[in-house]
Amino acid sequence: VVSTQSTGKIKMQDSSQVTATATQTAETETGTETQTQSQTQTVSTSIFSNRRRPFEEFITNGKILILFQATGAAPILKQSKFKVQASSNFSAIIIFLRNQLNTRIAPNDPLYLYLNYTFQPSPEAILLDLFKCFHVNGKLVVNYCTTAAWG
């Protein structure tokens, strides 16, 4: 007669570790003797390994990194990463990008700016507030195009 029983437990050891314990017990009965074998396997993994770093780590001298990405038929910048004052408004980014693209688009042509391919922030929005909420690996990704794309 052979009987097998499996049990499993998961417990939180501290705020960053989870331990999973699996126990399997096998009992073999031969004649009048009963033999018990038990195996325990413990696996410890960090559940916060992909945790986002705090935004303060990315701010140097009151400046944040802006990454401009062209979308659609918009002209591509030679340099796409710029450091700007975190206390500036988003309107400063609009003016800055227009100045960078001044030879490739007309001054009255439309220019649409989006954050992370999703929405157009208000020109009065403070860059630090936008950076706190929407930065990706320490960069505030600003997509720009000459025709409306998202949002």
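In this tour, "buried" means under 20% relative accessible area and "exposed" over 50%, with partly exposed in between (1.4 Å probe, protein chains only). You're looking at a predicted model, where local features need pLDDT of at least 70, side-chain atom pairs count only at pLDDT 80 or more, and totals for chains, interfaces and linings use all residues. Residues are numbered from 1 along each chain as its sequence is written, and side-chain values use heavy atoms, leaving out hydrogens and water.

**Stop one: helix α1**

Select residues 90-100, which make up helix α1. (Helices are DSSP runs of H or I, at least four residues; strands are runs of E, at least two; both are numbered from the N terminus.) Now highlight Phe90, Ile93 and Leu97: they're buried. Look down the axis of α1 and its buried residues fall within an arc of 45°, going by the directions from the helix axis to the C-beta atoms, so they line one face of the helix. An α-helix has 3.6 residues a turn, so residues three or four places apart point the same way.

What do the buried residues of α1 pack against? Show β4 (63-70), β5 (81-85), β6 (112-115), α2 (127-134) and β7 (139-145); contact here means heavy atoms within 4.5 Å.

**Stop two: the rings**

Next, pick Phe68, Phe82, Phe96 and Tyr144, a cluster linked by ring pairs. Rings of Phe, Tyr and Trp (its six-membered ring) pair if their centres lie within 6.5 Å; planes under 30 degrees apart are stacked, over 60 edge-to-face, and the rest tilted. That rule gives five aromatic pairs. Zoom in on Phe68 and Tyr144, an edge-to-face pair at 6.4 Å centre to centre with 75° between the planes. Phe68 sits in strand β4 and Tyr144 in strand β7, 76 residues apart.
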